[in-house]
Amino acid sequence: MGLYINIGNEGFASAKRSNYVDKSSTIGFMNSVLETEHRYVCVTRARRFGKSMIAKMLCAYYDKSCDSRSLFEDLKIANDPDFERHLNKYPVIYLDMTGFTTRYHGNDDMVEFVQKELGSDILGHYPQVEVRDSDDLMNVLVRVVESTKEKFVFIIDEWDAICREAEGNRALLDKYVNWLRRMFKGANSEQVFAAVYMTGILPIKKYDTQSALNNFVQYTMVSPGPLAASFGFTEMEVRDLCRKGQMDFEVMERWYDGYQIGDVAGIFNPNSVMMALLNHSCDNYWSSTGAYDNVSRYIQMNYEGLKDDVVLMLADGRCPVNTTRFENDLSAIRSKDDVLTALIHLGYLAYNGEKKECFIPNKEVAQEMQNAVEDARWDTVINAIKQSELLLERTLAEDESAVVKAVEAIHADNTSILHYNDENSLACVLTLAYYAARRDFHFIRELPSGLGFADIVLLPNRNVERPAVLLELKYSHAAETAISQIHEKRYAESLSDYVGQIVLVGINYDKKTKRHSCKIERIDKKT
């Protein structure tokens with residue numbers, strides 16, 4: 001076993017001894033591209049979304065120095081027709097770039113150190129291979145393959161660590177990219193590698209709109225292709241984990257669900273789910289990802305009305321985004337679209353590729369976005385969030401005049417953000433206005449009932465002794481009309497599992513007078 005070559009299967013074995021979720025379908029995908037034109041694969045996703053776990057799994061599967069059959073025989077890949085053909089059949093090089101960025105942070109010779117250490121380890125495994133003093137790492141690998149007739153599987157974990165941690169050091173970045181080109185885009189690359197698998201947060205940097213390594217097929221948070229379901233935990237997987245761990249799935253769902261990866265909706269943040277299971281408590285585990293400083297900095301840039309979009313998303317809205325212009329470089333942020341695309345890759349926003357929209361996925365990330373807004377000193381937004389606590393209390397106290405006053409203040413402060421032209425815009429304002437309710441309530445927009453959709457529902461979380469709230473919104477009508485609609489369309493009946501008091505709130509905005517009105521009632525739902 002070496003430092004970089006044939007490191008064995010202990011990393012994956014450790015994962016199997018934990019609450020392992022089967023993502024071995026990635027192996028089947030990699031088997032399908034071995035020694036084809038698509039053998040160069042780069043899979044990028046946010047921190048704590050399981051990148052290293054997949055890399056260790058691939059090492060354990062392909063590494064010829066160990067016997068990993070027992071680790072995989074109970075997984076999906078064992079049913080793949082090519083399972084036996086490739087199991088433990090290749091020499092594997094595994095390189096974790098964070099190890100080098102930690103040891104040689106800021107050193108302009110980092111790429112040379114990488115080549116030297118890899119070359120030394122590889123030659124230690126192949127002492128019979130003769131090399132020349134002028135040979136670089138690629139030449140060494142060519143001579144090894146000529147001698148052994150065995151191609152390598154090369155796995156690079158966190159390939160972009162240098163790119164992220166050496167921002168502004170153009171000489172080092174260019175040297176690194178040129179080395180990757182030499183390794184994986186040279187005349188001998190296909191002779192040497194059966195497959196190359198790279199993980200990272202950012203896709204490969206673009207030069208003049210083209211990837212620096214355009215022979216790589218990339219799968220990202222924006223375009224995951226057939227690997228979408230492996231980017232996080234699916235609803236079925238989390239339900240199973242909650243059942244085994246005796247945790248409430250609905251609570252887990254509110255905290256960590258909400259990502260849409262490609263055409264797969266309902267993807268959970270894997271690390272946060274695992275931390276919640278370990279601690280038997282749902283909490284904000286996102287802040288430990290280390291990307292917060294970047295997020296706060298980007299939001300403060302406030303490109304082209306970025307502030308308006310962030311607040312709209314805090315109010316459960318969605319914003320259009322063009323992800324195609326981002327250069328995949330955190331030091332080259334030049335527009336609002338660049339910021340939003342960077343936040344998608346960092347996991348702070350989810351992305352709907354069909355509609356080309358981004359949004360805040362869940363409660364955990366919403367808390368981090370709120371922190372970033374506070375750091376940006378957006379006083380009107382901060383005040384709206386603070387006022388939302390009082391608004392909720394005044395609503396539950398059925399104080400109609402106080403509700404009107406609070407909603408009008410939030411509307412006036414954020415007119416440029418949430419333009420009034422229909423009931424949906426009013427719903428966005430009310431979502432922001434009742435922001436504090438998320439602590440004790442499950443916030444639902446457009447809850448379906450038998451005769452329509454309730455605009456906003458605040459359903460108390462378990463063990464919260466508060467009534468539910470049903471808000472119906474009207475545009476240039478009357479608040480009484482909103483209350484009547486709640487009764488006529490029997491919206492309360494849509495809360496099928498809820499028994500107790502319900503506060504009915506009708507809110508209207510009159511476009512002509514620029515004023516709001518409010519009507520509040522309370523009913524008792526017994527069955």
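Select Thr-220 to begin. In this predicted model, Thr-220 is buried, with a relative accessible area of 8%. The cut-off for buried is under 20%, so Thr-220 qualifies at 8%. The residue lies in the loop between strand 7 and helix 12 (235-245).

Now show what surrounds Thr-220. Leaving out residues up to four places away in sequence, Thr-220 touches Thr-44, Pro-203, Phe-231 and His-345.

**Charges over rings**

Stay with Phe-231, one of the residues touched by Thr-220. Select Arg-45 as well. The charged end of Arg-45 sits over the ring of Phe-231, 4.5 Å from the ring centre. Next, pick Arg-239 and Phe-249. Here the charged end of Arg-239 sits over the Phe-249 ring, 3.9 Å from its centre.

Switch to a cartoon view. Look for an open sheet of 5 strands, in the order 2-3-4-1-7, with parallel pairing. Which strands stand at the edges? Strand 2 (92-96) and strand 7 do. Each has a single partner strand, so one side of each is left without a neighbour in the sheet. From one strand to the next, the twist averages 15°.

Zoom in on strand 2 and strand 3 (residues 152-157). They run parallel and are joined by 5 bridges. Select Val-92: its bridge partner in strand 3 is Val-153.

Now bring in the helices. Helix 3 packs on the sheet and touches strand 2, strand 3 and strand 4 (193-200). The direction of helix 3 makes about 160° with that of strand 3. Helix 10 (residues 170-184) lies across strand 1, strand 2, strand 3 and strand 4. Helix 10 runs at about 160° to strand 3.

**Aromatic pairs**

Colour the aromatic rings. A search of the whole structure finds 21 aromatic pairs. Take Tyr-40 and Phe-216. Their ring centres are 5.6 Å apart and their planes stand at 55°, so the pair is tilted. Tyr-40 lies in strand 1 (residues 40-44), and Phe-216 in the loop between strand 6 (210-211) and strand 7 (217-219). The pair therefore ties together parts that are 176 residues apart in sequence.

Move on to Phe-49 and Tyr-259. Their ring centres are 5.2 Å apart with planes at 85°, so this pair is edge-to-face. Phe-49 is in the loop between strand 1 and helix 3 (51-62), while Tyr-259 is in strand 8 (residues 259-261), so the pair ties together parts 210 residues apart in sequence. Both Phe-49 and Tyr-259 are buried.

**Cluster and cores**

Select Phe-12, Tyr-20, Tyr-61, Tyr-62, Phe-72, Phe-83 and Tyr-90. Together they form one aromatic cluster. Centre the view on Phe-72. Among the residues it touches are Phe-12, Ile-27, Met-57, Tyr-61, Phe-83 and Leu-87.

Now widen the selection. The largest nonpolar core has 115 residues. Phe-72, Met-369, Tyr-434, Leu-458 and Leu-471 touch the most other members. Helix 3 gives the largest share of this core, 8 residues. For a last stop, find the second, separate core of 47 residues, which includes Ala-161, Val-177, Val-192 and Met-198.

Key
Residues are numbered from 1 along each chain as its sequence is written. This is a predicted model: local features need pLDDT of at least 70, side-chain atom pairs count only at pLDDT 80 or more; totals for chains, interfaces and linings use all residues. Side-chain values use heavy atoms; hydrogens and water are left out. Rings of Phe, Tyr and Trp (its six-membered ring) pair if their centres lie within 6.5 Å; planes under 30 degrees apart count as stacked, over 60 as edge-to-face and the rest as tilted. Helices (H or I, at least four residues) and strands (E, at least two) are DSSP runs, numbered from the N terminus. Buried means under 20% relative accessible area, exposed over 50%, partly exposed in between (1.4 Å probe, protein chains only). A charge sits over a ring if NZ of Lys or CZ of Arg is within 6 Å of the ring centre and within 35 degrees of the ring normal. A nonpolar core is a set of buried Ala, Val, Leu, Ile, Met, Phe, Trp, Tyr and Cys residues joined through side-chain atoms within 4.5 Å. Contact means heavy atoms within 4.5 Å. Two strands pair if DSSP finds at least two bridges between them. Axes are lines fitted to C-alpha atoms, for helices over the stretch in contact, and angles run from 0 to 180 degrees between N-to-C directions.
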